[in-house]
Amino acid sequence: MTSSDPQLDISPVGILRIDHVGIAVADLDVAIEFYARVFGMRVVHEETNEEQGVREAMLSVGPTDEGSRLQLLAPLSPASTIAKFLDRSGPGLQQLAYTVTDIDATSAELRARGVRLLYDEPRRGTSDSRINFVHPKDAGGVLVELVEPFRAASSNHS
């Protein structure tokens, strides 16, 4: 392919990197202990997100707190999305998340490309980030999360 190839002229959608991989678990404390004992991962953030119906922990992957993370997600109630996922699929890979520069611009560009998002407007995610999800049927069966970190969100959308 050359630079004049139309396939290379697709405008960027603002994805910066893989943010985290989400793993659905039935018991967060048991999962944290497992990932610490077996893989040496450390919890760098833990919270309860009532809006998303989860108790979650972010674990560092590698020797520093920088870079991609593993997110463990446990349901707060049997009605939560994660509880339904566990009932349907059992524990395991639930989502792949990308860091984006501007979730509103990314969402608009993806919609312009015919991609369905789960929410009309971004919602609050981990550490007050702004999030949305690409419908798995539009992403090859993968639930893709878009994450605009709080520090970017606070300066762009006050």
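A residue counts as partly exposed when its relative accessible area falls between the buried limit, under 20%, and the exposed limit, over 50%. With a relative accessible area of 35%, Ser127 is therefore partly exposed. The model shown here is a predicted one.

Stay with Ser127 for a moment. Ser127 sits in the loop that runs between strand S6 (123-124) and S7. Its phi angle is near 55°. That is a positive value in a residue other than glycine. Asp128 lies in the loop between S6 and S7 as well. Its phi is near 65°, again positive in a residue other than glycine. Asp128 has a relative accessible area of 40%, so Asp128 is partly exposed.

Where does the charged end of Arg123 sit? It sits over the ring of Tyr119, 3.7 Å from the ring centre.

Now turn to the salt bridges. The structure holds nine of them. One joins Asp29 to Arg55, with the closest N and O atoms 2.8 Å apart. This pair links distant parts of the chain. Asp29 belongs to helix H1 (residues 28-39), while Arg55 belongs to strand S3 (residues 54-60). The two residues are 26 residues apart.

Arg113 counts as partly exposed because its relative accessibility is 37%. Glu109 has a relative accessible area of 25%, so Glu109 is partly exposed.

Next come Arg130 and Glu148. Their side chains meet in a salt bridge, 3.3 Å from N to O. Arg130 lies in strand S7 (residues 130-134) and Glu148 in strand S8 (residues 144-148), so this bridge ties together parts that are 18 residues apart in sequence. Is this pair buried or exposed? Arg130 is buried, and Glu148 is buried too.

Aromatic rings give another view of the fold. A search of the whole structure finds four aromatic pairs. In one of them, the rings of Phe34 and Tyr35 have centres 5.2 Å apart and planes at 90°, so this pair is edge-to-face. The limit for that class is an angle over 60 degrees. Phe34 counts as partly exposed, because its relative accessibility is 34%. Tyr35 has 15% relative accessibility, so Tyr35 counts as buried. Ring pairs link Phe34, Tyr35 and Phe39 into a cluster.

Then there is the empty space. Rolling a probe the size of a water molecule over the atoms shows where such space is left. About 510 Å³ lies in the largest pocket. How many residues line the largest pocket? The lining has 25 residues. Thr81, Ile82, Gln94, Phe133 and Leu143 lie nearest the centre of the largest pocket. Several elements give two or more residues to this lining: S3, strand S4 (69-75), helix H2 (81-89), strand S5 (92-100) and S7. Which element gives the most? H2 does, with six residues. By class, the lining of the largest pocket has ten nonpolar residues, nine polar and six charged.

Some names return here. Strand S3, which holds Arg55, contributes to the lining of the largest pocket. S7, the strand of Arg130, contributes to that lining as well.

The second largest pocket has a volume of about 360 Å³. Its lining is made of 15 residues. Nearest the centre of the second largest pocket lie Arg17, Asp19, Arg69, Pro149 and Arg151. Strand S1 (15-24) and helix H4 (150-156) each supply at least two residues of this lining. The residues of the lining divide into four nonpolar, five polar and six charged.

Key
Residues numbered from 1 in each chain as written. Predicted model: local features only at pLDDT ≥ 70, side-chain atom pairs only at ≥ 80, totals over all residues. Heavy atoms only, no water. Salt bridge = Lys/Arg side-chain N within 4 Å of Asp/Glu carboxyl O. Helix = DSSP H or I, 4+ residues; strand = E, 2+ residues; numbered from the N terminus. Buried < 20%, exposed > 50% of the residue type's maximum accessible area, 1.4 Å probe, protein only. 1 Å grid on protein atoms, 1.4 Å probe; cavity = no way out; pocket = protein on both sides within 12 Å on 5 of 7 lines; lining within 4 Å. Points joined across faces, edges and corners; volume = space filled by probe spheres on them. Nonpolar A, V, L, I, M, F, W, Y, C, P; charged D, E, K, R; others polar. Phe/Tyr/Trp six-rings, centres within 6.5 Å; stacked < 30°, edge-to-face > 60°. Lys NZ or Arg CZ within 6 Å of the ring centre and 35° of its normal.
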